[in-house]
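Student: Hi! Could you walk me through this structure, one piece at a time?
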Amino acid sequence: MPRVNDKSFETERQVSAVKITSPLHDWFAARRATMIDIAGRAFVSHVSDAEAERRAVADLALADLTVRPKLGLKGPGAHAWLREQGAKPPEEIYDAVTTDTGGTLVRTGRVEYFAEAGLRDNSVDRLARALGFGKPGVARIDRQDATFLLTGARSLVVLEQTCGVNFRKATPGRIVFTRVAGVSAGVLPQHTAAEPRFTLWLDPSYAIDLWAALVSITTDEQGSIVGAAALFDDVQ
């Protein structure tokens, strides 16, 4: 959803240059979050104290990364086409791989794939340009999913209060389709050496409602809402 020239945000560059924002734009604007423009996409840099947010990531933190570029592909030729483009698509349904540029590629069905770019890479845009309106055996599916990231040693506390799946036994790197606080979502455990992380993808029309539920539980548990600067070293 494009929004232009909202001066309620502090930005690193002219806000008028930002073309793509999250459905949660107004929520962050009301809290005077600091934003950063990356390739015309308005990422939250930090919501409050940047150092406190960095510390919270290892304990319990929630972030909105909805504006990351996304693309869906479907068809009998999708796997081979992705390989031709230099990607390494998962071999098993529901498996996910992290790309060299920090993005994610998920096999969501026998002939279906979902790609999300990293913070500063153009891999998805490159795939979209190469695919155009589609190729023989490969259909393009434009995706606008909301993307939330739940991270930290206590992140499972939030999932346990919102979801019936026992993510303590979930396989890292394998997406689970379930309901979180009543909203259908794909949840991907991606544990790092430092802390567990869970990426949630969902229909953007439910983003505000699910965000409110997750924020309520996260803050009740003394966790923090954080921006990209707390998660990625190359964001200030």
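Student: What does alanine 39 do in the hairpin of S2 and S3?
Tutor: Alanine 39 takes a positive phi near 55° there, in a hairpin with two residues between the strands. Before going on, this is a predicted model: local features need pLDDT of at least 70, side-chain atom pairs count only at pLDDT 80 or more, and totals for chains, interfaces and linings use all residues. Residues are numbered from 1 along each chain as its sequence is written, and side-chain values use heavy atoms, with hydrogens and water left out.

Student: Where do names like S2 come from?
Tutor: Strands (E, at least two residues) and helices (H or I, at least four) are DSSP runs, numbered from the N terminus.

Student: OK, how many bridges pair S2 and S3?
Tutor: Five bridges, in the antiparallel sense, with S3 covering residues 41-46. Two strands count as paired if DSSP finds at least two bridges between them. Isoleucine 36, for instance, has phenylalanine 43 in S3 as its bridge partner.

Student: And how many residues of S2 are buried?
Tutor: Five of the five residues in S2 (34-38) are buried. Buried means under 20% relative accessible area, exposed is over 50%, and partly exposed is in between (1.4 Å probe, protein chains only). Both faces are covered: Thr34, Ile36 and Ile38 are on one side, with Met35 and Asp37 on the other.

Student: Switching topic: what is the strand order in the open sheet of six strands?
Tutor: The order is S11-S12-S13-S10-S4-S14, and the pairing is mixed. S11 (176-180) and S14 (224-225) are at the edges with a single partner strand each, so one side of each has no neighbour in the sheet.

Student: How do strands of a sheet pair in general?
Tutor: They pair through backbone hydrogen bonds, either parallel or antiparallel.

Student: Which way do S11 and S12 run?
Tutor: Antiparallel, joined by five bridges, with S12 spanning residues 183-189.

Student: Which residues of H5 are buried?
Tutor: Ser155, Leu156, Val158, Leu159 and Thr162. Down the axis of H5 the buried residues fall within an arc of 155°, so they line one face of the helix. That arc is taken from the directions from the helix axis to the C-beta atoms. The cover over them includes S10, S11, S13 and helix H6 (207-220), where contact means heavy atoms within 4.5 Å.

Student: Back to the sheet: what does S4 pair with?
Tutor: S4 and S10 are antiparallel over four bridges, and leucine 62 stands opposite leucine 150 in S10. S4 and S14 run parallel, joined by two bridges; alanine 61 has serine 224 in S14 as its bridge partner.

Student: Is S4 (residues 61-64) covered on one face or both?
Tutor: Both: Ala61 and Ala63 are buried on one side, and Leu62 and Asp64 on the other.

Student: New topic, how many salt bridges are there?
Tutor: The structure holds 11. A salt bridge is a side-chain nitrogen of Lys or Arg within 4 Å of a carboxyl oxygen of Asp or Glu. One of them joins arginine 68 and glutamate 116 (3.6 Å, N to O). Arginine 68 is in the loop between S4 and S5 (70-74), while glutamate 116 is in S8 (residues 112-116), 48 residues apart.

Student: Are arginine 68 and glutamate 116 buried or exposed?
Tutor: Both are buried.

Student: What about lysine 74?
Tutor: The side chain of lysine 74 meets glutamate 112 in a salt bridge (3.6 Å, N to O). Lysine 74 is in S5 and glutamate 112 in S8, so the pair ties together parts 38 residues apart in sequence. Lysine 74 counts as partly exposed at 39% relative accessibility, and glutamate 112 counts as partly exposed at 29%.
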